[in-house]
Amino acid sequence: VEDGARGDTVGEGVGSKWYVIAPETVSVSSADALGDFLISPTGMTLYTFGGDSEGVSNCSGGCADTWPPFTVGANDHLAAPAGATGTVDTIERADGSRQVTYNGKPLYMYSNDEFPGDTMGQGIGGIWYVAAP
């Protein structure tokens, strides 16, 4: 009753029993040739970059134009897909945005993937791979 407008979360944590259910930040999809891989809430394939180190994105400028970082808002809750064995977290990029990570590896989309489930970025340059759950 206290939530009066769309997006209100007055009931969050009430009585240490009531909590907002966060949608999954990433989900799992599958392809015969690749097996299981992570996707965004819109169904776009997520990738990892071999040039990154744990918790650090080394893709910016033109790289980030081709491989847009998968980011979330400052107040977004993070949730892993059911059955995932890894950890979903974020890192802060130089522009202040929050890039989603999975097991510490920053996640990206590929600008040439047009439709949900496309995996055109798999193996490019021997350094870009679909993110495995």
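Leaving aside neighbours within four places in sequence, Gln99 is in contact (heavy atoms within 4.5 Å) with Ser57, Pro69, Phe70, Thr71, Asp89, Thr90, Ile91, Arg93, Pro106, Leu107 and Tyr108. The structure is a predicted model, in which local features need pLDDT of at least 70 and side-chain atom pairs count only at pLDDT 80 or more, whereas totals for chains, interfaces and linings use all residues. Residues are numbered from 1 along each chain as its sequence is written, and side-chain values use heavy atoms, with hydrogens and water left out.

Gln99 lies in strand S6 and is buried, with a relative accessible area of 0%. Buried denotes under 20% relative accessible area, exposed over 50%, and partly exposed the range in between (1.4 Å probe, protein chains only). The side chain of Gln99 makes a polar contact with that of Arg93, at 2.7 Å; such a contact is a pair of N or O atoms within 3.5 Å, where within protein one must be able to donate a hydrogen and the other to accept it, and residues adjacent in sequence count only if both atoms are side-chain atoms.

Strand S6 (residues 98-102) runs antiparallel to strand S5 (residues 88-92), and five bridges join the two; strands are taken to pair if DSSP finds at least two bridges between them. Within this pairing, Ile91 stands opposite Gln99. The hairpin of S5 and S6 has five residues between the strands, and Gly96 takes a positive phi near 90° there.

The chain as a whole has one helix and eight strands, assigned as DSSP runs (helices H or I, at least four residues; strands E, at least two) and numbered from the N terminus. From the N terminus on, the order of elements is β-β-β-α-β-β-β-β-β. Of the 133 residues, 32% count as buried. Among contacts between residues at least 6 apart in sequence, 60% join residues at least 24 apart.

The largest nonpolar core consists of eleven residues, including Phe37, Tyr47, Phe49, Trp67, Tyr108 and Trp128. A core of this kind is a set of buried Ala, Val, Leu, Ile, Met, Phe, Trp, Tyr and Cys residues joined through side-chain atoms within 4.5 Å. Apart from it lies another core, of ten residues, among them Leu46, Val72, Val100 and Tyr102. Not counting residues up to four places away in sequence, Phe49 touches Asn58, Cys59, Lys105, Tyr108, Ile127 and Trp128.
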